[in-house]
Amino acid sequence: MKRQQIRSAILILSFLIMSVTFVYISPVIMMMGLSQGVIAAGLIFWILMFILAFIFGRSFCGYACPTGAEQMIIDRAVKINIRPVPYLRPLKYLFAILWVGSITLLTIAAGNLIFNPLFQMGIGIPPWTLATYVVFYAILLVVFAIALVLGRRGFCNYFCPMSVVFMVITKIKDLLRIPSLHLKAQPDDCIHCKKCDTSCPMSLSVEEMVKSDRMQNPECILCGSCVDICPKQVIRFAWLWKK
Ligand code: SF4
Ligand code: SF4
């Protein structure tokens with residue numbers, strides 16, 4: 001199976017099992033836990049994802065995020081390109097500051113924290129409480145509506161606070177040139193067909209990135225669509241920062 005088929009299959013699986021994994025990865029449930037002095041499974045999950053981002057950049061967004069999967073499914077069904085709305089751009093940074101700030105304040109306020117990976121899990125299959133159902137369906141609906149109104153990966157582009165944390169880590173790893181997954185290009189081989197632009201789920205100007213030989217864009221989720229679609233194999237993945 002080709003890389004993009006595998007990626008789509010993993011994303012669809014991640015979406016299908018979201019009703020099981022949600023309590024373990026939801027940032028909202030994690031916050032609810034901290035407000036009650038509980039370290040929920042989600043906190044450990046996100047700390048792990050952020051550590052892995054020093055090696056794999058934003059691959060989690062490209063290969064495993066259930067909300068990314070939901071947006072991919074909507075994009076395949078309706079094919080709406082991202083609508084540029086510049087005044088919405090600062091929103092995800094604001095949400096990220098509020099999110100990280102709230103986590104810090106809640107942790108300080110809680111004093112003694114206890115670890116409870118079963119937080120918000122009631123009895124039954126899926127073992128949820130009413131609050132969990134409300135949060136789950138609210139998130140599904142919000143992401144669905146945003147993707148329909150703003151287009152391709154609209155939620156990632158304009159609202160996702162986790163994406164900002166991933167972007168900061170990606171920027172740090174790229175600046176420090178930590179051996180890690182990144183894109184590399186051979187600009188001289190480019191025929192400027194712009195197939196990479198149309199294939200990019202994050203609506204990046206990949207051809208411009210190639211032309212300027214600046215392939216490190218914090219919005220890049222390292223999905224490899226541009227790598228796989230390029231007819232001249234101009235773009236490739238690399239681990240080490242060799243010229
Ligand atoms: S798909 Fe390849 S050849 Fe076409 S514009 Fe992009 S990098 Fe250049
Ligand atoms: S630049 Fe390439 S690897 Fe990065 S998000 Fe766009 S298509 Fe995916």
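**Notes on the predicted model**

1. Ile55 has its place in helix H4; helices (H or I, at least four residues) are DSSP runs numbered from the N terminus. Ile55 is partly exposed, at a relative accessible area of 36%, where buried means under 20%, exposed over 50% and partly exposed in between (1.4 Å probe, protein chains only).

2. This is a predicted model, in which local features need pLDDT of at least 70 and side-chain atom pairs count only at pLDDT 80 or more, while totals for chains, interfaces and linings use all residues. Residues are numbered from 1 along each chain as its sequence is written, ligands are numbered from 1 in the order in which they are written, and side-chain values use heavy atoms, with hydrogens and water left out.

3. Which residues make the nonpolar surface patch of about 920 Å²? Leu52, Phe54, Ile55, Phe56, Val168, Ile172, Leu175, Leu176, Trp239 and Leu240 do. Such patches consist of residues with over 30% relative accessible area and no salt bridge, the nonpolar side chains being joined within 5 Å; a salt bridge is a side-chain nitrogen of Lys or Arg within 4 Å of a carboxyl oxygen of Asp or Glu. Helices H4 (41-56) and H10 (161-175) each supply at least two residues of the patch, and H4 gives the most, with 4.

4. The shell around ligand 1 comprises Cys190, Ile191, His192, Cys193, Lys194, Lys195, Cys196, Glu207, Val210, Cys230, Pro231 and Val234, each with a heavy atom within 4 Å of the ligand. Helix H11 (195-199) and helix H12 (206-211) are the elements that give two or more residues to this shell. By class, the shell residues divide into 8 nonpolar, 1 polar and 3 charged.

5. The count of aromatic pairs comes to 12, with ring centres within 6.5 Å and planes under 30 degrees apart taken as stacked, over 60 as edge-to-face and the rest as tilted. Phe95 and Phe159 form a stacked pair, 6.3 Å centre to centre with 25 degrees between the planes. This pair links distant parts of the chain, 64 residues apart: Phe95 lies in helix H7 (residues 90-110), and Phe159 in the loop between helix H9 (154-158) and H10. Phe95 is partly exposed at 32%, whereas Phe159 is buried at 16%.

6. Phe136 and Tyr137 form an edge-to-face pair, at 5.0 Å and 80 degrees. Phe136 is buried, at 6% relative accessibility, and Tyr137 is partly exposed, at 47%. Elsewhere, ring pairs link Phe45, Trp46, Phe50, Phe60, Trp99 and Phe166 into a cluster.

Definitions and conventions: Patches are made of residues with over 30% relative accessible area and no salt bridge: like charges are joined within 9 Å, nonpolar side chains (Val, Leu, Ile, Met, Phe, Trp, Tyr) within 5 Å. Accessible areas come from the Shrake-Rupley method with a 1.4 Å probe; for residues, only the protein chains shown count as cover. Ala, Val, Leu, Ile, Met, Phe, Trp, Tyr, Cys and Pro count as nonpolar, Asp, Glu, Lys and Arg as charged, and the others, Gly among them, as polar. Rings of Phe, Tyr and Trp (its six-membered ring) pair if their centres lie within 6.5 Å; planes under 30 degrees apart count as stacked, over 60 as edge-to-face and the rest as tilted.
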